[in-house]
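Open the model in your viewer and keep the selection panel at hand. The tour below goes stop by stop.

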Amino acid sequence: MMAGENRKDGDWRSWSLIVILFAVGVWPVALFLLFRKLFGEDAKNRQNVSAPPPLEVDPGPQQTQGGGQSTAMQTAADRSAQRTEHRAHRATTYRAPESRARAAAQSVVRSPAVKKSNARALKIIGLIVMAVGLLSAASPADMVFSGYVANWIGDLLKYLAIAVGGLGMFCGGLRMDANMRRYARYLAVLGETQAVPVSELSRKLGWPERQVIRDLEKMIDKGYFGERAYLDQGLGYFFRSSEADEKLRREQESTQQEPPKEAEEGYSGILRNIRRANDAIADPVLSAKIDRLEDITARIFRAVEEDPDKRSRIDKFLNYYLPTTQKLLDSYAEFEAAGVEGENLRQAKQRIEKTMDSIVAGFEHQLDELYKSDAMDVDSDIRVMETMLHRDTASVEEDFGLGGGTAVQGEEE
């Protein structure tokens, strides 16, 4: 029998028990069970809110071709482990009569399945039961108020308990509607995501993390996300299954093993890529040109770092010339690694080798252009100084001692 059928069967039995208890007059116990069922927490699920369920392992074929003895031994070990686990499960389930009694008691107060149909049924039936209880309590109430307390107080309390039970069912239906609306908001944020940080849920929903944790615990407890969802508060993640947890851990491990992204970004990353391509190229002539290329590029970057105003002058250099050059170098290295001396590869390599001279010249021109304004400033300063020298000859000769030299020359003549 499936789990859903077990739950449905348990709900039917628990509701029948509550109705019978009301009918025979044991209404205090009936009210307790009813309110525990509608507003309590499922103790069995609560134990597993923060514990991942076991992974579902596909045992696969018993023996693969070429796998031989090791695969068969592994399969036998898996079967043995499964049998041991099954025996342990049976021993746990049938350990003692009190365990079965506890399980039966938990099934009686287990929450009804969270569905719109159940919420609607609780509200409708609750209103009917409440109306029946109040109408039935009218006559005993008159008799009690007339002085027949001892004879009618029991009936009055029973019918009032039925009315209170109906009110509880109606409120339980309203609560289920509110929980489903709240669950819909979580589901809209989660989408198809199988693992999500609690902090991210809190940020997107605009609710405090403590409230989000309480909501998730209750929803997991009620089975909103299925039987395999759980909350890892130590890691700060909500998982819909153990597989999602394992996938996240593998991704984190692979991310830690990869080099930091910053190492491949910025000017140093560009220079590193050029050097990496150069290391992969065996041709000594081309390698020397790439060395020159790397040196010029480093000077360009150094000039931009020293004067950030020059950054706008190398946009085309950064966005076109460098990426295209890098692509050519990577292609050349790939052609060499192919190990084939076909006509097409040979011509492609020759064209790259010839183009490299123009590329180096273009990079040198880019570096020269960066200092164009500086050269113009120097030229302007020199022209101004020459003009002042010609204008203030006398004072300049006196300041720099040129007058004395002139006098000495005159005497010698």
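Select glutamate 294 in helix α12, residues 284-306. Helices (H or I, at least four residues) and strands (E, at least two) are DSSP runs, numbered from the N terminus. Glutamate 294 counts as buried because its relative accessibility is 14%; buried means under 20% relative accessible area, exposed over 50%, partly exposed in between (1.4 Å probe, protein chains only). Show its contacts: glutamate 294 touches Leu271, Ile274 and Arg275, leaving aside residues up to four places away in sequence. Contact means heavy atoms within 4.5 Å.

A word on the source. This is a predicted model, where local features need pLDDT of at least 70 and side-chain atom pairs count only at pLDDT 80 or more, while totals for chains, interfaces and linings use all residues. Residues are numbered from 1 along each chain as its sequence is written, and side-chain values use heavy atoms, with hydrogens and water left out.

Next, select valine 196 in strand β1, residues 195-197. Valine 196 is buried, at a relative accessible area of 7%. Leu190, Leu201, Gly236, Tyr237 and Phe238 touch valine 196, not counting residues up to four places away in sequence.

Move to helix α7 (residues 149-190) and helix α8 (residues 198-205). They pack at an angle of about 110°, with axes 11 Å apart. Axes are lines fitted to C-alpha atoms, for helices over the stretch in contact, and angles run from 0 to 180 degrees between N-to-C directions. That angle makes α7 roughly perpendicular to α8. Angles under 35 degrees count as roughly parallel, over 145 as roughly antiparallel, 65 to 115 as roughly perpendicular and the rest as oblique. Show Arg185, Tyr186, Val189 and Leu190 of α7, which meet Leu201, Lys204 and Leu205 of α8.

Then select helix α14 (residues 343-370) and helix α15 (residues 372-391). Their axes come within 4 Å and cross at roughly 45°. α14 and α15 are therefore oblique to each other. Asp368, Glu369 and Leu370 of α14 make the contact with Lys372, Ser373 and Asp374 of α15.

Last stop: helix α9, residues 209-222. Its 14 residues reach 20 Å from first C-alpha to last, close to the 20 Å expected at 1.5 Å a residue; the expected span is 1.5 Å times one less than the number of residues. Buried residues of α9 include Val212, Leu216, Met219 and Ile220. Glycine 223 follows α9, with a positive phi near 80°.
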